[in-house]
Amino acid sequence: MARRPDEEYDYLFKVVLIGDSGVGKSNLLSRFTRNEFCLESKSTIGVEFATRTLQVEGRTVKAQIWDTAGQERYRAITSAYYRGALGALLVYDVTKPTTFENVSRWLKELRDHADANIVIMLIGNKTDLKHLRAVATEDAQSYAEREGLSFIETSALEATNVEKAFQTILSEIYRIISKKSLSSEEPTPANIKEGKTIVVGGSEGNAKKPCCSSS
Amino acid sequence: MVGCEGLAGLLCKKSGGEEELGVFYPIRPECQENASRTRFRLRAGKTLSPRKWHAAFCEDGHLDIAKVLTRIQRGGIHPAIKGLVWEFLLGCYGPNSTFEERNQIRQRRREQYSIWKAECKNLVPVIGSGKFITTPIITDDGQPITDSSTNNDQGVHVNNAVSDKKAIQWMLLLHQIGLDVVRTDRTLVFYESETNQAKLWDVLAVYAWVDSDIGYVQGMNDICSPMVILLENEADAFWCFDRAMKRLRENFRCSASSIGVQAQLSTLSQVIKTVDPKLHKHLADVGLGVQPKYVLHI
């Protein structure tokens, strides 16, 4: 049976959205996958996911984005969902300093449960709330540099930089995967094409990646 | 309850159209398009009407629960009496109790609720004030957080460091409850009112204080919301929620490695595996099984 056009892809990349409750993870997901923003959205319970197939570096990539509940108590189940994730979007709310302060906790969470080579991007969301901004871009930028994360500020409401954020992380994942394919016999695109989740090798330790600035 | 009966009696004369139900759960005009529509319809002779409900009580107050349940099963409950009926369905009152006994129980429970609420208010003055919080008020080690730009109302802050472990654990939940309260059923006119949002917040906060084993877990807000809408009295709403939680609380029990609801998911997974093995395999293949198996390529 022929695959439907939306099922044809070269790579399947699993990416997780994490960050404190109420920072806008679900709306970033709906903006990216359906170009929708819901003012009446409910809290996410447990885990949800959505996909979108798009072109990354000339390849067709199916991005499978997992969205998790922000409450710490849900960590018990959400940590299992880091398995197989190639990327993580760590979101905070630029109007709520505590959500930025908690970024370090989330990084620890990732380093404990995710693959050591997972690509991490820090996202400051809700830039449309200009008069309420409480986290300076420069502070987040320098934090990201110190921790070796990519960084971008977004507004899911105004659709600012959302596309760019996902494109950037997917490109970075692609670059790592294609490098892997060249240097190793094992994880060929054929394996990925079958929809299996792969984990990039953990032998290289906690290598820091160059920061990708949004400005 | 004469007033309630009077309103319901008036409405019962109309046909069971959507307009009539809209009177009970009005949706904000700007949300009409996105709000989910109820499939419930009033059906004359089938729906448990206010008249039939009142007729199901004998003189001293015993309820003919079998008759009531048959009606509900056939045609649901008229919204005008839903809160009253739910109190029985959830087990707040036994059908064999008398009017007098129920009044006493109700009185006692309201007093108990106000004692617990006072304990909470003593720790965090914003409880019961008609306002609520959405940003943390203390740190993990009990130090007050004061420099929040959004919590600038008087009475919101905690002034002194807190040392009691139970109090700290509880206070760390309060902003999470607030973050979920503002996102609960917000297409409804009911939640446009900050007072009503605060009512939901108070009930959840007091529950978290009383049932400290479970505390508050995201999702409990959705269970509590209908009670807060249906029961005008906050204490009565609390006790309905408490009864519902008696059945559901294990789903919310969290340990370091699991959450209660997973036991149910595991059972569901077994059922699917038996009934529809193909679907079960598909779910497992896309990593949606309860214990997904991942293929590792290192």
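**View 1. Strand β1 of chain A sits inside the structure.** Strand β1 covers residues 11–18 of chain A, and 8 of its 8 residues are buried, so the strand is largely enclosed by the rest of the structure. Here a residue counts as buried if its relative accessible area is under 20%. The model shown is predicted.

**View 2. Both faces of β1(A) are covered.** One side carries A:Y11, A:F13, A:V15 and A:L17.

**View 3. β1(A) pairs with strand β3 of chain A.** Strand β3 spans residues 59–68. The two strands run parallel, joined by 7 bridges.

View 4. Now find A:I18. In β4(A), A:L90 is its bridge partner.

**View 5. The whole of chain A puts the strands in context.** Chain A has 7 helices and 6 strands. Along the sequence they follow the pattern β-α-β-β-α-β-α-α-β-α-β-α-α. Of the 215 residues in chain A, 57% are buried. Take the contacts between residues at least 6 apart in sequence: 75% of them join residues at least 24 apart. The chain exposes about 9400 Å². Carbon and sulfur atoms supply 49% of that area.

Terms used
Residues are numbered from 1 along each chain as its sequence is written. Chains are lettered from A and ligands numbered from 1 in the order in which they are written. This is a predicted model: local features need pLDDT of at least 70, side-chain atom pairs count only at pLDDT 80 or more; totals for chains, interfaces and linings use all residues. Side-chain values use heavy atoms; hydrogens and water are left out. Helices (H or I, at least four residues) and strands (E, at least two) are DSSP runs, numbered from the N terminus. Buried means under 20% relative accessible area, exposed over 50%, partly exposed in between (1.4 Å probe, protein chains only). Contact means heavy atoms within 4.5 Å. Accessible areas come from the Shrake-Rupley method with a 1.4 Å probe; for residues, only the protein chains shown count as cover. Two strands pair if DSSP finds at least two bridges between them.
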